Amino acid sequence: MERLHGPAPELLEAAEPPIAAARVARIHTVTGAALVLGSTQSPEAADQARAAAAGAEILRRRSGGGAVLLLPGSQVWADFFVPASDPLWSDDVACAARWAGELWSAAVEPFVADPISVHSGRLAADRWGRLVCFAGTGPGEVFAGGRKVVGVSQRRTRSRARIQTMARLGRPDTAAGVRADDRRIDELELLDLTAADRVTGRAVLASRCGSVPATEDDLTEALLGALRAQDRDAR
């Protein structure tokens, strides 16, 4: 298990563990705001002026999916590196993420009252799901009361899979983050959209996006506890 702390660009570009390494869990703690676009999204999808006004950097990750807003203290971001020789490996993309969803489900359960489910099917995303990660549905993702609380994406090679996960923190009905100055911002504010699209999009996000009512420290400890329990069960 590794823990990294710093600006989002440094964490996104941090060196991966050696290929020969066994499974690795890496927890990231961000120190600044960033809008992270998926690998298939054009840089023009972001509104540079709005991002600058919000103090958020525009970044891209190498895995697919929609945009994700990172704010200090507003999420738990964990990446899992699984070698092809590991029992957790699967050639099926949906199956490969299932264990990560079950892990997160166990970590989230103590904090939420709504029923929890893990999506076991393929990716399903309309326009809003392609724009914003938490508005879509992908394999291994975790839902509480029908709203997504943990997003999952993958980067895969022949030798290893990197399963990238993030749980959003806040009230159960929170679909947006809060900056240090208490101004509420979300992905839609920083994307290049019309005012009408932002209104429509926020209604969609309110119905699809949830959050876990926990602090970053508390949910991180719950995730690490679930990892330890999984390791004991494997032995």
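Okay, Ala-206: this residue sits in helix H6, which runs over residues 195–208. Helices here are DSSP runs of H or I with at least four residues, strands are E runs of at least two, and both are numbered from the N terminus. Quick caveat: this is a predicted model, so local features need pLDDT of at least 70, side-chain atom pairs count only at pLDDT 80 or more, and totals for chains, interfaces and linings use all residues. Residues are numbered from 1 along each chain as its sequence is written, and side-chain values use heavy atoms, with hydrogens and water left out.

Zooming out, the chain has seven helices and 12 strands. Its radius of gyration is 17 Å, close to the 18 Å from the globule rule for 235 residues, so the chain is as compact as a globular protein of that length. That radius is over C-alpha atoms, and the rule is 2.2 Å times the number of residues to the power 0.38. The C-alpha trace spans about 55 × 35 × 30 Å along its principal axes.

Of the 235 residues, 53% are buried. And contacts, meaning heavy atoms within 4.5 Å? Among those between residues at least 6 apart in sequence, 70% join residues at least 24 apart.

Methods:
Buried < 20%, exposed > 50% of the residue type's maximum accessible area, 1.4 Å probe, protein only. Contact = heavy atoms within 4.5 Å.
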